Amino acid sequence: RHALMFAAGKDRLEAAGIVVPCNDFAMLDRISQKRGFYELCEKIGVPYHKTWYFNCDHTAPENLPVDEFPYPCIAKPSDTTKFQNANVAHKRKAYEIESPEELAQVWADVRASDYDGEFLIQDYIPGGDEALRILNTYSDRAGNLRVVSGGITALQDHSPSALGNPLCIIGDKEPRVIEYARKFLKEVGYENYGNFDIKYDSRTDDYVFFEINIRAGRSTYFTSLAGVNFVTLVVDQYILGREVPEVEAYEPFVYCCVPKYVLKRSITDKDQLERALALLKTTKDPYPLHYLKDTLAHNFWSYAMYFNQILKFKRYFWDTGGRQYK
């Protein structure tokens, strides 16, 4: 929502002498909503979820055809920002649905809320966290990909309010993912930082794109771990007027926001676990929220969050047998 706020006020801010390194509001508003993102993926041949769309405004159907969907399936809002601000009973960022009865209850909760955007039902792609991928991109004003870095999201957050946030990323290059992202960025003329969430689909031996996050976030830090200080790119392009060189940042790294104990109990792919543990020994500062030059108070709370992940994973992952907390 902050990226959209800056984009909406870009002209006014620039008139006041402020550099605003972001995209056109109308374009951001379109691609930050799932339907707009998937329509563009369809147009340029980027794989995406099979998706059904339903309005949640006054035209919303009282009931969904719950018996017509494959199970398990995924349900989530098209407009994430609007959904975050809505008052929805039993709200989660995304819903893993196991039965028609569960979907009927989720729809009843959403329909009774003040959320009036679209709601999506999607095909479930097999596999757990080990199949997830993430890609950071940096593109120039013409949408040309300049810097890219990516990896395997070996472990994501499983708490309802933070579901999907990457907690352990292992640096790993997949050329097909890079080329799909390159096509998307060029098609929309996207500039600055983008962050793509992706999952490998073993049924098609291809990579399915979930969404683009339209701003730099916590995990953008892994581009620095991979060899390119991500802050310098914005300064070079928007402050110093330099052309950003083309770089694929893939120095070996692991980005990690949880203690090793959590990794050992949660990552089911043994090869990925071994890679993560080995890279922890060689990656300097894998945890983005801790910085020695910060205040003592800041670093105290950063480690409070770090070790609190043990309690979170016990409640939302280990005690549920790896299923979504409901």
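Predicted model: local features only at pLDDT ≥ 70, side-chain atom pairs only at ≥ 80, totals over all residues.
Close-up 1. Tyrosine 38 belongs to helix α4 (residues 34-44), while tyrosine 48 is in the loop between α4 and β1 (51-55), so the pair ties together parts that are ten residues apart in sequence.

**Close-up 2. Helix α4 and the aromatic rings.** Look along α4 and you'll find Lys34, Gly36, Phe37, Tyr38, Leu40, Cys41 and Ile44 buried. Across the whole structure, a search turns up 27 aromatic pairs. One of them joins phenylalanine 37 and tyrosine 38: their ring centres are 5.7 Å apart and their planes meet at 65°, so they pair edge-to-face. Elsewhere, one aromatic cluster is made up of Trp52, Phe54, Phe69, Phe83, Tyr95, Trp107, Tyr115 and Phe119.

**Close-up 3. Charges over rings.** Here are two spots where a charged side chain meets an aromatic ring. Lysine 76 has its charged end over the ring of phenylalanine 210, 5.2 Å from the centre. Arginine 265 lies over the face of tryptophan 318, and the distance to the ring centre is 4.0 Å.

**Close-up 4. Leucine 263 in the largest nonpolar core.** This core has 36 residues, and those touching the most other members are Leu155, Cys168, Tyr255, Val258, Leu263 and Phe313. Leaving aside residues up to four places away in sequence, leucine 263 touches Leu155, Cys168, Cys256, Val258, Leu273, Leu277 and Leu280. There is also a second, separate core of 32 residues, with Val20, Leu40, Leu145 and Ala181 among them. In soluble globular proteins, nonpolar side chains tend to be buried together.

Close-up 5. Which residues of α11 (residues 270-280) are buried? They are Gln272, Leu273, Ala276 and Leu279. Seen down the helix axis, the buried residues of α11 fall within an arc of 135°, so they line one face. Over on the other side, Lys270, Asp271 and Glu274 are exposed. The buried residues are covered by elements including β6 (145-156), β7 (166-171), β11 (254-256) and α10 (260-266). At the start of α11, aspartate 269 reaches out with a side-chain oxygen to within 3.1 Å of the backbone nitrogen of aspartate 271.

Definitions and conventions: Residues numbered from 1 in each chain as written. Heavy atoms only, no water. Core = buried A, V, L, I, M, F, W, Y, C linked by side-chain atoms within 4.5 Å. Buried < 20%, exposed > 50% of the residue type's maximum accessible area, 1.4 Å probe, protein only. Contact = heavy atoms within 4.5 Å. Phe/Tyr/Trp six-rings, centres within 6.5 Å; stacked < 30°, edge-to-face > 60°. Helix = DSSP H or I, 4+ residues; strand = E, 2+ residues; numbered from the N terminus. Lys NZ or Arg CZ within 6 Å of the ring centre and 35° of its normal. Arc of directions from axis to C-beta. Polar contact = N/O pair within 3.5 Å; in protein donor to acceptor, adjacent residues only side chain to side chain.
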